[in-house]
Amino acid sequence: EDRKVLQRFEREAELAGRLRHPNVIGVVDVGETTDGFRYMVMDFAEGHDLATLLNEAPMPAARVINLTRQMLEGLFHAHEQGLIHRDFKPENVIIEKDDHGAEVPRIVDFGIAKLGVGADSTNANGRLTTNGLVLGTPHYMAPEQAVADPIDHRIDLFALGIVVYEMLSGKLPFDGTGAEVARANLLLDPPVISKRVPFLEVDPLLEAFARRLMAKKRELRPATAKAARELLDLITSDPQAAA
């Protein structure tokens, strides 16, 4: 009955329908029932979300690398389709197990995704959000997103950096309310993990990788999710070169 809600629903279906990747949950069908209800059919992912798995953090470096590499693959696919997630967080990643028991993260909920510049879409010029409205989850929000500056795909990389920090340490970089954390993300450098969690030893290259993703200035972050994945691969194949 609410036209704006219906537009959002149709737009989400259109956006998610573009996504075909093992690390993303996409829409496979949309339709309308005989009595007027709209529906979408999505891939089914059987597993817990990453937020639940973070109860097991700090995680071993190999597990962090495996999950992060695949999340970067999924984000790169979405970004290549012209989509920016805008609300990337552990609750929006479902961890499945493949036939060999290996973990396969799948990114879900592109409901507030934003079409990137030049994306080919009938809705590209029709924004459904109120001007100046900040969408996202404060704890994972990039500085430019928190102050409603223009954004690009690198806000998703910032959010992933916080997720990597969490997987390594078991804690978010900052405590506090959503507003307090968003302000800290805007003004403060993340504390080193050894101060955040005394006596915890983590791979310094993985911590540096997380901090690179969390750079305040987006131009200091990796240029793309693919570039970030290549840097992560270098950490595993040639730590000295990565350092």
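This is a predicted model: local features need pLDDT of at least 70, side-chain atom pairs count only at pLDDT 80 or more; totals for chains, interfaces and linings use all residues.
In strand β6, Glu103 is the bridge partner of Lys97. Strand β5, spanning residues 93-97, runs antiparallel to β6, and five bridges join the two strands. Together β5 and β6 make a hairpin with five residues between them. Within the turn, Gly101 adopts a positive phi of about 85°.

Strand β6 covers residues 103-107, and five of its five residues are buried, so the strand is largely enclosed by the rest of the structure. Burial applies to both faces: Glu103, Pro105 and Ile107 are buried on one side, and Val104 and Arg106 are buried on the other.

Of its 243 residues, 47% count as buried. Among contacts with a separation of 6 or more, 67% are between residues 24 or more positions apart. The chain exposes about 12,400 Å², of which carbon and sulfur atoms supply 51%.

Charged side chains form a further part of the picture. Side chains of opposite charge can pair when their charged atoms come close. In this model the count of salt bridges is 13. One of them joins the side chains of Glu10 and Arg38, with an N to O distance of 2.8 Å. Glu10 belongs to helix α1 (residues 3-16) and Arg38 to strand β2 (residues 38-42), so this pair ties together parts that are 28 residues apart in sequence. Arg38 also forms a salt bridge with Glu32, where the closest N and O atoms are 3.3 Å apart. Glu10 is partly exposed, at a relative accessible area of 33%; Arg38 is partly exposed at 37%, and Glu32 is partly exposed at 46%.

Another salt bridge lies within a single helix. Arg229 and Asp233 both belong to helix α9 (residues 225-237) and are four residues apart, about one turn of the helix. Their side chains meet at 3.2 Å, N to O. Asp233 is partly exposed, with a relative accessible area of 22%. Arg229 and Asp233 are also linked with Arg69 and Glu73 in a network of salt bridges.

The surface has a nonpolar feature as well. Val147, Leu186, Leu187 and Leu188 form a nonpolar patch there, with about 330 Å² of accessible area together. Val147 is located in the loop between α4 (143-146) and α5 (154-169), and its relative accessibility of 41% makes it partly exposed.

Methods
Residues are numbered from 1 along each chain as its sequence is written. Side-chain values use heavy atoms; hydrogens and water are left out. Patches are made of residues with over 30% relative accessible area and no salt bridge: like charges are joined within 9 Å, nonpolar side chains (Val, Leu, Ile, Met, Phe, Trp, Tyr) within 5 Å. Accessible areas come from the Shrake-Rupley method with a 1.4 Å probe; for residues, only the protein chains shown count as cover. A salt bridge is a side-chain nitrogen of Lys or Arg within 4 Å of a carboxyl oxygen of Asp or Glu. Buried means under 20% relative accessible area, exposed over 50%, partly exposed in between (1.4 Å probe, protein chains only). Two strands pair if DSSP finds at least two bridges between them. Contact means heavy atoms within 4.5 Å.
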